[in-house]
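Please read the briefing below alongside the sequence and the structure, taking one topic at a time.

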Amino acid sequence: MDMPNVQVVTESFSPSEIKKISEFMNKEKKHREWGWFIPMLRTLLLTGCRLSEVVNMKIEDIDIDNREWYFKGKGSKFRKTAFRDNELWKEIKSRIMDKDGKMFDKKYVFHMDYWKQGFKGIKGYKKGTKGIKGDYELGFQIVDYQRRFTTSGVYHKFKKMVEQLSLNEKLSPHSCRRFFITEMLKKTNGNIPLVAQL
């Protein structure tokens with residue numbers, strides 16, 4: 001039977017784009033503007049999970065001893081993924097418990113925590129917090145342990161990164177999932193059942 005000729009758009013990162021993103025994550029991981037976003041971006045790239053799954057990651061769904069994450073995915077299917085990358089696990093763990101090993105009293109791993117520029121006035125941004133360096137030195141921190149980041153908020157931050165790094169404008173957070181699948185197919189010599197399990 002003749003199959004219809006369907007063109008599927010599968011935008012993913014080129015090797016040069018991934019290199020730019022990797023350098024960007026290493027350089028900006030402690031910057032006040034990007035610090036909250038980079039661990040989420042790393043999670044998207046290294047787990048292949050959907051954006052909605054990452055923003056909804058709950059502490060109670062993390063198996064700390066085995067470095068595994070159990071969650072409800074698309075279609076209400078229960079899924080499991082492992083945090084194999086040490087840098088990623090370090091970032092996740094730091095959002096679950098303090099240095100003494102005490103669990104944080106919150107629901108979501110990625111709770112609302114970011115820096116915002118001060119309100120703009122006639123003479124520029126009004127001071128919000130003293131002694132802070134960088135682009136956001138005239139800003140203030142917003143923290144809410146009971147709220148999580150929204151998918152639209154992370155999506156817009158992703159698009160801002162794409163623009164700042166002059167990447168393909170068609171890229172989206174879902175491109176991280178495509179990148180993960182492609183890389184795993186390469187590493188497993190095209191073992192589709194294994195990649196589907198990963």
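Buried here means under 20% relative accessible area, exposed means over 50%, and partly exposed lies in between, with a 1.4 Å probe and protein chains only. This is a predicted model, in which local features need pLDDT of at least 70 and side-chain atom pairs count only at pLDDT 80 or more, while totals for chains, interfaces and linings use all residues. Residues are numbered from 1 along each chain as its sequence is written, and side-chain values use heavy atoms, with hydrogens and water left out.

- Leaving aside neighbours within four places in sequence, methionine 161 is in contact (heavy atoms within 4.5 Å) with Ile21, Phe24, Trp34, Phe37, Leu41 and Leu167.

**Aromatic rings**
- The whole structure holds 9 aromatic pairs, counted when the ring centres of Phe, Tyr and Trp (its six-membered ring) lie within 6.5 Å, with planes under 30 degrees apart called stacked, over 60 edge-to-face and the rest tilted.
- Tryptophan 36 and phenylalanine 149 form a stacked pair, with 4.3 Å from centre to centre and 10° between the planes.
- This pair links distant parts of the chain, 113 residues apart, since tryptophan 36 lies in the loop between α1 (15–28) and α2 (37–47), and phenylalanine 149 in the loop between β7 (140–148) and α5 (151–164).
- Tryptophan 36 counts as buried because its relative accessibility is 12%, and phenylalanine 149 counts as buried because its value is 7%.
- One aromatic cluster is formed by Phe24, Trp34, Trp36, Phe37, Tyr114 and Phe149.

**An open sheet**
- Three strands form an open sheet in the order β1-β2-β3 with antiparallel pairing, where two strands pair if DSSP finds at least two bridges between them.
- Because β1 (62–63) and β3 (78–82) each have a single partner strand, they stand at the edges, and one side of each is left without a neighbour in the sheet.
- β1 is joined by 2 bridges to the antiparallel strand β2 (residues 68–72), and isoleucine 62 stands opposite tryptophan 69 in β2.

Note on methods: Helix = DSSP H or I, 4+ residues; strand = E, 2+ residues; numbered from the N terminus.
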